[in-house]
Amino acid sequence: MTLHKSLRTAGILVSAVIGAAAFASQAMAAGEVNLYSFRQPFLIEPMLKEFTRQSGIAVNVVYAENGVLERIKAEGPNSPADIVLTVDIGRLHDLVEAEILQPVKSPVLEANIPAQYRHPDGLWFGLTSRARIVFASKDRVRADEIRSYEDLAAPHMKGRVCSRSGKQDYNISLLASIVAHKGEQAAREWLAGVKANLAQKPQGNDRSQAKAIMEGVCDVALANTYYMGQMLSDKNPEQKDWAQAVRIIFPNQDERGTHVNLSGAALVRGAKNRDNAIKLIEFLSEDVAQKLYAETNVEYPVKAGVALHPLVESWGPFKADAIELAQVAKFRPLAARLVDQVGFDL
Amino acid sequence: MELARTNPGVISGKSAVPRVDGWTAGAFLIAGLIAMPILAIIALALAPSDDIWHHLASTVLPHYLTTTAALAAGVGLGTLIIGVGTAWLVTMFRFPLRGVFEWALLLPLAVPSYVIAYVYTDILEYAGPLQVALRDFFGWTSRRDYWFPEIRSLGGAIAMMTLVLYPYVYLLARAAFLEQSVCVLEVSRTLGKGPWRSFAQVALPLARPAIVIGLTLVVMETLNDFGTVDFFAVATLTTGIYDVWLNMNSAAGAAQLAVLTLVIVALLIAAERWARRKQRFHHTTPRYRALAITPLSPGRAALALLACLTPVALGFLIPAAQLVGFALDHRPAPGTGRFLDLAANSLLLASITAGLAVVIGLFLAYGVRVSRSHWLPAAIRFASIGYAIPGAVLAVGVVVSLAAWDNAVDAVARASFGFSPGLLLSGTVFAMVFGYLVRFMALSFGAIEASLGKVTPSMDGAARTLGHSPLSVLRRIHLPLLKGSLLTAAILVFVDCMKELPLTLLLRPFNFETLATNVHQLASAELLEQSAPGALAIVAAGILPVIALSRTIRRSRPGQGPLGNRP
């Protein structure tokens, strides 16, 4: 054996020993499926447990946020990941762009998920949706003052708007949808208009916007639907006060509809447990899981006919922006630049 | 001994012939391995990044740079004043509770900065208890009736980070003060200088290398922070890196910004070293007697007490009390049933990493001392600069370099033996430990180097003349002198591993949770109160080692052994 070869062998042995010693939980055996998840485990655990109970297939999860895409790319064909779960259309789009997904052809998924909420080639599937709505003070905002996102930039809202960072995923997606509908220039002007109306520097999260409205700092703010449900059911009575200070408005009902974002699932290109993975995605689109999503996360199920959370039900139906979300995601990098150009967060 | 086995070359180091000895080669090898993820990030930065720089330069980059500079300067100055001031007080003066403050001043180290930021926001914001009480008392009804400092601001971020980071400076400054020969100070006093001037003109300059290392750690930790600045909506280079990476979808652009941060840090470190290039800080006398501790008048003693109590109360007591309050008010969140498992994972990982970090840090620091290579110190400094990179970016560097190794091994195995072992290291606990070592190299190497630098090389020379090998010199002369700083290094790494988040999230195996990931997933779902038990557990796990550390440092003072005459 040459020196070169023996060094190689030594390298392999070292790797093998260390790898084994480090109790690697590499998924090799059948009856498994491996998830890389952007979504917090406690939010998906009920659905995954139910899946394992029904199918006998064990589900392994790594919950991570930043760098999941780079991890899958670096791991290459050897990656143990089968499915990626995300909470935003942007991440789904990035995975498509990175060419690390494979298409799924499934009559079940096509029947359960409306075409608007899945990738045209089956590269990803939306599982739940959430609308980007307006929280408005019950006392200080008249019904005709806010009817659209555009109204947030109107002169009569001067000093009355709160926002979290313009760079936050959901705000970027909303801005990207405005670029998609009305073009870059109009989107920039809209954003500059909202900035001019801000009551304070962008900060906090969606819940703190409701809190700021209760405190009288401002009158309106953008937020996702499910936060309303979560605040009302929170064990902390304070949060109920915040939620009760605001009412919700679905913007742009007379025209293009309210912007919605998706949580979704995608099949990784080299998935070793392909069949189990497709079974799991299908399960997540079926009634049992969709109902759990609606109940526990207060989100909109994508499957038609699934019962809504009573609170969500009470808001009644709304018109969702029907634009293809893949089109919206394309404009996210541009939207992020617009936020810089306008100096929205500064 | 452990070192001898990992590196048999050192045993033969008796010969005085200049050549590449085993120690130098080993140190280069380890520094090279640790530097891999940083090199991976630099490689990533070489890819084209559209016109991201033009966009940034014409919009937010000036703002990022000034905010980052202000943040680093503010935290640096704050930690310098608190850290050095309290270290001098507890080392030199007698006042009530001094013995308690010796260790209590370290406690804020155990509090993650993202946790303290959440807690103070809760206390100080408009709906928080303080402002509610003020409004009740003065009869104000709305925010427009009065002015109150905004916690979610640059000033707030500086305050939060100062409160949890000053212990780095305190720790190293105190160790330096304790190790100083009392003779030097006595000479200074005999020459008619009062205690304050002795401090400013003798003790402080002598402790400068140690204090600078502490400050460097603080600045690097400030630069890599994302949680606090993001929560406070302060736009720094780090938030810019995340934005370019995740929103503008340009990993290359993000890597370029990260490299820019590294260059700035490297320049700062180089400038400081250049400024004291002609100075040497070795102790010139082996005579150590107990420090003469000056009693203080009651008024001054009260001031000293207050000066020490304030950072402990703000950095530890108040946040810990608030967390206890949260934990008692709220039942544990779903998924916290396996709480003991999480704690065990955290403790095990942190202990293993701390042990390895000390062995490696000692090996490298001593390598710099015995090696004739001028490149070795530069290589090690480069390897330990990972601490200044935002954790998630460094995590990508680790993932990329480990996956490249795994895939290469896999390819060779397929070609030679016809079977595929898959990814052996990626997504294992080994990957996590490696990532931690890369991230926290600066802590262990810095703490050990600070202490080793004070031992005069004439001791090494004398021992080597008597025929001792470098290893033997290390064992017989340096290790006894270094005991305190080795423990310091171990505990800094341990506590930081307990708190570490971005690498933990990305590098861990399937179904693997730690206390930090538990706190994060709840806090990021805006369930702050439910994350309190996990946060408390992190803090609690940090307390005992921190106390042990303080006691050991006190005992480690030369001349403080059984023959020491300390009261």
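**Notebook: chains A and B**

I counted secondary structure in chain A and found 15 helices and nine strands; helices (H or I, at least four residues) and strands (E, at least two) are DSSP runs, numbered from the N terminus. I noted that this is a predicted model, in which local features need pLDDT of at least 70, side-chain atom pairs count only at pLDDT 80 or more, and totals for chains, interfaces and linings use all residues. Residues are numbered from 1 along each chain as its sequence is written, while chains are lettered from A and ligands numbered from 1 in the order in which they are written.

**Chain A overall**

I looked up the radius of gyration, taken over C-alpha atoms, and the globule rule, 2.2 Å times the number of residues to the power 0.38. Chain A has a radius of 22 Å, close to the 20 Å that the rule gives for 346 residues, so chain A is as compact as a globular protein of that length. Its C-alpha trace spans about 80 × 45 × 40 Å along the principal axes.

I then checked confidence: pLDDT is the predictor's confidence in each residue, from 0 to 100. Chain A averages 88, with 91% of the residues scoring at least 70. Over residues 16-30 of chain A, pLDDT stays under 50, and the model has 25 contacts beyond four places in sequence for them. I keep in mind that where pLDDT is low, the predicted coordinates should not be read in detail.

I took two residues as in contact if their C-beta atoms, placed from the backbone, lie within 7 Å. By that count, 57 residues of chain A are in contact with 55 residues of chain B. Helix 1 of chain A supplies the largest share of chain A's side, seven residues. I sorted that side by class and got 20 nonpolar, 19 polar and 18 charged residues. Here Ala, Val, Leu, Ile, Met, Phe, Trp, Tyr, Cys and Pro count as nonpolar, Asp, Glu, Lys and Arg as charged, and the others, Gly among them, as polar.

I fitted axes as lines to C-alpha atoms over the stretch in contact, with angles from 0 to 180 degrees between N-to-C directions. The axes of helix 3 of chain A and helix 17 (residues 391-417) of chain B come within 8 Å and cross at roughly 10°. The two helices are therefore roughly parallel to each other (angles under 35 degrees count as such). Glu70(A), Arg71(A), Ala74(A) and Glu75(A) meet Val396(B), Val399(B), Val400(B) and Ala403(B).

I followed up Val400(B), which counts as buried with 24 C-beta neighbours inside 10 Å; the cut-off is 20 or more other C-beta atoms within 10 Å of a residue's own. Not counting residues up to four places away in sequence, Val400(B) touches Glu70(A), Ala74(A) and Ala40(B).

Among the buried ones are Arg332(A), Arg337(A) and Asp340(A). The cover includes helix 4 and helix 6 of chain A, together with helix 3 and helix 12 of chain B. Just after helix 15, Gly343(A) takes a positive phi of about 65°.

**Chain B**

I counted 23 helices and two strands in chain B. Of its 567 residues, 53% count as buried.

Terms used. Parallel < 35°, antiparallel > 145°, perpendicular 65-115°, else oblique. Buried ≥ 20, exposed ≤ 12 C-beta atoms within 10 Å, placed from the backbone.
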